[in-house]
Amino acid sequence: MRFDALVIGGSVAGLSAAMQIARARRSVCMVDACAPRNRFAAASHGFFGQDCTRPQDMVALARSQLMAYPSVTFKAASALHARAIGKAALSRRASGAGTDAAGTEEGFAVELDSGETLLAQKLLLATGLRDELPAIPGLSERWGATVLHCPYCHGYEVGGAPAGTLYAAPTSVHHAMLVGDWGPMTLFLNGHEAPEPQALAQRAARGIAVEPARVLGLEGDAPALSGVRLDDGRCVPIKALFVPPRTHMASPLAEQLGCAFDEGMSGPMIRVDATQQTTVPGVFAAGDAAMPGHNAALAAANGVMAGVCLHKALVFGT
């Protein structure tokens, strides 16, 4: 089956992009493995009109609204492989004939874990990221509850209580100072070298405590957190720990297609231009995998831009 556009990834960015394509009366198929990055969080915060709503409920409502458009198809599946195909191959496979039925377009083929192959003129990757947490006992079972990444997403809910930031890079000092606006803050160096004197002075001015010892693990009845156990035997009481994870592409499709990547602060990002098009013509990208700020509201806006620009590419060509 051939579509004007395939959107791979059905969370905030993908849904926002697909909505624009559907409203342009173009055929769009969304493929989603139903395992969004924010599935560990109990609620999404700071999203216009959706504050404190469960991420699953946000997605379910948006998907139901998207499916009201007759040009939309949804596939609950994982996309395993994507490739560019020539116009003759696309036309023959779309029509089921041995001759060039459409005869005009190049496009893409995406193979699903169901065994089905989907064809489209344009492709939009909203495939998201996978978080790799530091190998510290107690982190993974608290991820999204009391072990957190974004203070704008979850800081208010833990504000006023003692919290910590786990050192991962020199920028962690600035992150600790930022998160300090939400309450008493401790920077856990976890055995790393102390920051530069200027950074220490800034930290002291903000009232940020520093613990140089290595972190052995987290304590408390998970997902609750009561403290951080250090290798000198002490346990520093905190109620939340902000951890900058290392991020990886959640899908191999961008690499398979030959898209270029840039190194972001936490991991690789798909390189896109001002129209959200990747370095592969006809392939667009949106959401966490293609932008530096990992936030649901930003991902939604990013998806809208990608969807609009993909539609323009269908009309004017790229």
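User: How many disulfides does the count come to?

Analyst: This is a predicted model, so the count rests on computed positions. A disulfide needs two cysteine sulfur atoms within 2.5 Å. The sulfur of cysteine 29 is 13 Å from the closest cysteine sulfur, in cysteine 34, which is too far for a bond. By this rule the number of disulfides is 0.

User: Which cysteine has the sulfur closest to that of cysteine 259?

Analyst: Cysteine 259 is buried, at 6% relative accessibility. A gap of 16 Å separates its sulfur from the closest cysteine sulfur, so the two are too far apart for a bond. That partner is cysteine 309.

User: Is cysteine 29 buried or exposed?

Analyst: Buried means under 20% relative accessible area. Cysteine 29 has a relative accessible area of 0%. Cysteine 29 is therefore buried.

User: Which helix joins E2 and E3 in a β-α-β unit?

Analyst: E2 and E3 run parallel. The β-α-β unit they make with a helix is right-handed. The helix spans residues 55-66 and is H2.

User: Where does cysteine 34 lie?

Analyst: Cysteine 34 is not a glycine, yet it has a positive phi of about 60°. Its relative accessible area is 42%, so cysteine 34 is partly exposed. Its place is the loop between E2 and H2.

User: Is asparagine 190 buried or exposed?

Analyst: Asparagine 190 also has a positive phi, about 55°, although it is not a glycine. It sits in the loop between strand E10 (185-188) and helix H6 (197-205). Its relative accessible area is 12%, so asparagine 190 is buried.

User: Which residue does a cis peptide bond join to alanine 222?

Analyst: The omega of this bond is about 10°.

User: How many charged residues are in the lining of the largest cavity?

Analyst: The count comes to 1 cavity of 30 Å³ or more. The volume of the largest cavity is about 40 Å³. Its lining includes Val158, Trp182, Gly183 and Phe242. By class the lining has 8 nonpolar residues and 1 polar, and the charged residues number: no charged.

User: Which helix gives the most to the lining of the second largest pocket?

Analyst: This pocket has a volume of about 710 Å³. The elements that give two or more residues to its lining are helix H4 (151-158), helix H5 (172-179), strand E16 (246-249) and strand E18 (268-270). With 3 residues, the one that gives the most is H5.

User: Which residues of the lining lie nearest the centre of the second largest pocket?

Analyst: The lining has 26 residues. By class they are 14 nonpolar, 11 polar and 1 charged. Nearest the centre lie His149, His175, Pro244, Met265 and Ser266.

User: What share of the residues in the chain is buried?

Analyst: The chain has 8 helices and 19 strands. Its C-alpha trace spans about 75 × 35 × 30 Å along the principal axes. Of the 318 residues, the buried share is 47%.

Methods
Residues numbered from 1 in each chain as written. Predicted model: local features only at pLDDT ≥ 70, side-chain atom pairs only at ≥ 80, totals over all residues. Heavy atoms only, no water. Pairing = 2+ DSSP bridges. Helix = DSSP H or I, 4+ residues; strand = E, 2+ residues; numbered from the N terminus. Right-handed = clockwise from strand over helix to strand, strands pointing away. Buried < 20%, exposed > 50% of the residue type's maximum accessible area, 1.4 Å probe, protein only. 1 Å grid on protein atoms, 1.4 Å probe; cavity = no way out; pocket = protein on both sides within 12 Å on 5 of 7 lines; lining within 4 Å. Points joined across faces, edges and corners; volume = space filled by probe spheres on them. Nonpolar A, V, L, I, M, F, W, Y, C, P; charged D, E, K, R; others polar.
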